[in-house]
Amino acid sequence: SASLKQRKASAAAESSKDSKDKYVEGTNFVSGGVEENPYFFALLVVAPFLTLLLGFLTSEEMSKTGLEPTLSALLPHCVADLKSCGSSIFSTGLAVLPTWAGAKFVFSFMGVALLLELIPGKVETGPETLTGHIPKYVDNGVRHCLVFSALFLAGSNLGPGDMYDLGIFFDVFPGAVAVLNLFGLIFCIFLMLKGLHFPSTQDCGSSGSLVKDYLWGTELYPRILGWDLKRFINCRFSMTFWMLAGISFTYKSYTIHGAVDYGLLLSAVSQYLYLFKFFWWEMGYMRSIDIIVDRAGFEIQWGCLVFVPSVYTLHTRFSVLRPSGLSLLVASLIFVISLAGVALNYAADRQRDVFRATNGKTLIWGRAPVYITAQYTTLDRKSGKETKKTSLLLASGFWGMARHFQYFFELVAAWSWCLFANPFKNGIIPLFYCVFLTTLLVDRAKRDSEKCHKKYGKYYEDYCKLVPYKILPGLY
């Protein structure tokens, strides 16, 4: 009996060890979960309610209350009666409910995006994971972007379809965000269970905590019959939603006020060009930390399903009912700055992509590139075989100035888009997106550094000596 207990205990311990090893391998060189950052974890807890509140704050229903959606207008009411203020905020957020119009819009939008997955393209690959998996993708992002844009315009009241008003994004927004919230919460349960019981690759496993498994996810590359769920949500839904929302909001503003808001118009154009650039560079994104490190859980998938449509469009949505009042000259100056940020962000990403594609056999700003040949090891869990691999770490051009200098250019564009909403006139709420993105990218640069230290060891330490700054040379 004692011997049987010992064998059972030994088997349980071995099973636990195997499960832990599988989880460690599935993390792809990094510990994960935004809960490791208390500030992001706090935001995560309130995020579903926050998206509903922001949906109401920028809606026509809010304008009927007689209160301006600015902190200067709202804070005095809260300070005068904190209990009543808290109750009012809570009840207001919960009053934003799913609507049939919102559901039709969201799932029709997803349906079109799903059909466009069939567009042909060249097959590209992402980076190899710790378990030796190499993800494959059809590179059809630009075609998706152009076809979806054309279909959206053609189906509107300005096109031959005349099935909906071009301002539909604004009309259905609160109800659509409520639908996305509900769908996102359920979808992430599905993702967690799929990763635990029916994973698509060996980059999977449980952390031992259901809470963390739900938040961070249990699988890195979930697919159904070859359909990449992660790319669909991160790119084909959220980025397309963001890209077209600005156009819709600009049109809605024009129909309400009878005049063009230059700040809103040029903001929408700049963001559309940025997101066209995103789809042009989509294969680069498939090699970024969002894809190769962050598992498909609540943090990244709910974030792209709900937080991106709600927060990343906040500054343009805010301007629909409250025009920026910017002159054409001022708006044009901000527009030029935003385009400079977009162009330099692309130039930095492109520089690294060319370096990788040529295996370092290229010129960077007219000179031979400086780089480090770093070694790392992958493990085949089934055979137990370890294989040594190499990567080239670029330390020239933009990538010799800071390890993520492209983030600085992205922030230049983001702050420009928020300035289009004229926070000097409309308050600081439209700045929420750029403040959030600044915090996010600083944290992302930190997490990427931790991942690379674990993956490359001493090679990355040598790289950091060549390129000591993470984002901004001389500062951070």
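Let me start with the conventions, since what you see is a predicted model, in which local features need pLDDT of at least 70 and side-chain atom pairs count only at pLDDT 80 or more, while totals for chains, interfaces and linings use all residues. Residues are numbered from 1 along each chain as its sequence is written, and side-chain values use heavy atoms, with hydrogens and water left out.

First, the overall picture. The protein chain holds 21 helices and six strands, where helices (H or I, at least four residues) and strands (E, at least two) are DSSP runs numbered from the N terminus. Of its 476 residues, 53% count as buried, and here buried means under 20% relative accessible area, exposed means over 50%, and partly exposed lies in between, with a 1.4 Å probe and protein chains only. The chain exposes about 21500 Å², of which carbon and sulfur atoms supply 66%; these accessible areas come from the Shrake-Rupley method with a 1.4 Å probe, and for residues only the protein chains shown count as cover. If we take contacts between residues at least 6 apart in sequence, 76% of them join residues at least 24 apart, a contact being heavy atoms within 4.5 Å.

Now to the interior. In soluble globular proteins, nonpolar side chains tend to be buried together. By a nonpolar core I mean a set of buried Ala, Val, Leu, Ile, Met, Phe, Trp, Tyr and Cys residues joined through side-chain atoms within 4.5 Å. The largest such core has 103 residues, and those with the most contacts inside it are Phe105, Phe169, Tyr312, Trp417 and Tyr433. Helix H8, residues 168-197, gives the most to this core, with 14 residues. A second, separate core has 12 residues, including Tyr376, Cys452, Tyr459 and Tyr460. Returning to Tyr433, and not counting residues up to four places away in sequence, we find that this side touches Trp242, Val311, Tyr312, His315, Ala414, Trp417 and Cys418.

Next, one helix pair. Two packed helices are described by the angle between their axes and the distance between the axes. How do helix H10 and helix H14 cross, and within what distance do their axes come? The axes of H10 (residues 229-257) and H14 (residues 298-311) come within 9 Å and cross at roughly 10°, the axes being lines fitted to C-alpha atoms, for helices over the stretch in contact, with angles running from 0 to 180 degrees between N-to-C directions. The two helices are therefore roughly parallel to each other, since angles under 35 degrees count as roughly parallel, over 145 as roughly antiparallel, 65 to 115 as roughly perpendicular and the rest as oblique. On the H10 side, the residues that meet H14 include Leu229, Ile233, Phe237 and Phe241, and on the H14 side the partners include Ile300, Cys304, Leu305 and Val308. The residues of this contact divide into 10 nonpolar, three polar and one charged, where Ala, Val, Leu, Ile, Met, Phe, Trp, Tyr, Cys and Pro count as nonpolar, Asp, Glu, Lys and Arg as charged, and the others, Gly among them, as polar.

Helix H10 also holds Arg231, which is buried, with a relative accessible area of 5%. Leaving aside neighbours within four places in sequence, Arg231 is in contact with residues that include Glu117, Tyr137, Arg236 and Glu282. With residues up to four places away not counted, Arg444 touches Ile289, Asp290 and Tyr407.

Which residues does Ala374 touch? Ala374 is found in strand S5, residues 371-379, is buried with a relative accessible area of 0%, and, beyond four places in sequence, touches Lys389, Thr390, Ser391, Leu393, Tyr456 and Tyr459. Tyr463, in helix H21, residues 458-466, is buried at 6%, and the C-alpha atoms of Tyr463 and Leu394, 69 residues apart along the chain, are separated by 8.5 Å.

Finally, two loop residues. Asp162, between helix H7 and H8, has phi near 50°, a positive value in a residue other than glycine, and Asp162 is exposed at 52%. Asn359, in the loop between helix H16 and S5, has a positive phi of about 55° and, at 47% relative accessibility, counts as partly exposed.
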